[in-house]
Amino acid sequence: MAIIRETLRAIRMTLVLWLLTAIIYPLAIVVVGQVFFPFSANGSIILSTIDAKPIGSALIGQVFTSDRYFHGRPSAVRYSQGKKANPTGISGASNLAPSNPELTNRVIEEGSKYRDESLQPVADLIYTSASGLDPHISMKAARQQLERVARIREVREDEILPLINKYTDDRFLWIFGEPSVNVLRLNYALDLQEINRNQNQ
């Protein structure tokens, strides 16, 4: 009888824990997220102000190759690159050792993109992030690209600086990390600025 009693007790405890951890807790998190943080809970998707179509997530790094745009951090997983993109959005680093020639060659290749501009790029322009999905660059990295973007778009640098400042996120909890610029938000704001300028001409 004791074995049966203990078995039933164990089954009840398992059911209660399953109910708490598999149903009540996840539902509570979903409700709190949708009520208090709907933008973040739904992927921080940025919609076009022109046709309301999604243009990307503020939390996921996008690939910008045109000189008209600020470039984000390189990605080892090559997320969001057309039909060859990883549809699951799996993150990760290359895991290449510092002694690996492949890593050296990749860093040299990334750095050579800035050689023609006579720039000594900061680390976040040539090294991949740990997740491979980092949507931010440092303030210094943004300022290093400012002259190129302003020249290609044929605008003054001081017309772009307010946008860089506007889309700079503060330190996490005001003490961790450094202020960083959200590349997708900044580039989209540049496109809107150009559209408005052309309409007013």
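Colleague: Which residues is Ile-160 in contact with, leaving aside its neighbours within four places in sequence?

Modeller: Contact means heavy atoms within 4.5 Å. Here Ile-160 is in contact with Phe-70, Leu-146, Val-149, Ala-150, Val-155 and Leu-190. This is a predicted model, where local features need pLDDT of at least 70, side-chain atom pairs count only at pLDDT 80 or more, and totals for chains, interfaces and linings use all residues. Residues are numbered from 1 along each chain as its sequence is written, and side-chain values use heavy atoms, with hydrogens and water left out.

Colleague: How do I read the two helices α5 and α6, and at what angle do their axes cross?

Modeller: Two packed helices are described by the angle and the distance between their axes. Helices are DSSP runs (H or I, at least four residues), numbered from the N terminus. Axes are lines fitted to C-alpha atoms over the stretch in contact, with angles from 0 to 180 degrees between N-to-C directions. The axes of α5 and α6 come within 10 Å and cross at roughly 150 degrees. The two are therefore roughly antiparallel (over 145 degrees).

Colleague: Which residues of α5 and α6 meet?

Modeller: From α5, Met-139, Ala-142, Arg-143, Leu-146, Glu-147, Val-149 and Ala-150 meet Glu-157, Ile-160, Leu-161, Ile-164 and Asn-165 of α6. These divide into eight nonpolar (Ala, Val, Leu, Ile, Met, Phe, Trp, Tyr, Cys and Pro), three charged (Asp, Glu, Lys and Arg) and one polar (the others, Gly among them).

Definitions and conventions
Parallel < 35°, antiparallel > 145°, perpendicular 65-115°, else oblique.
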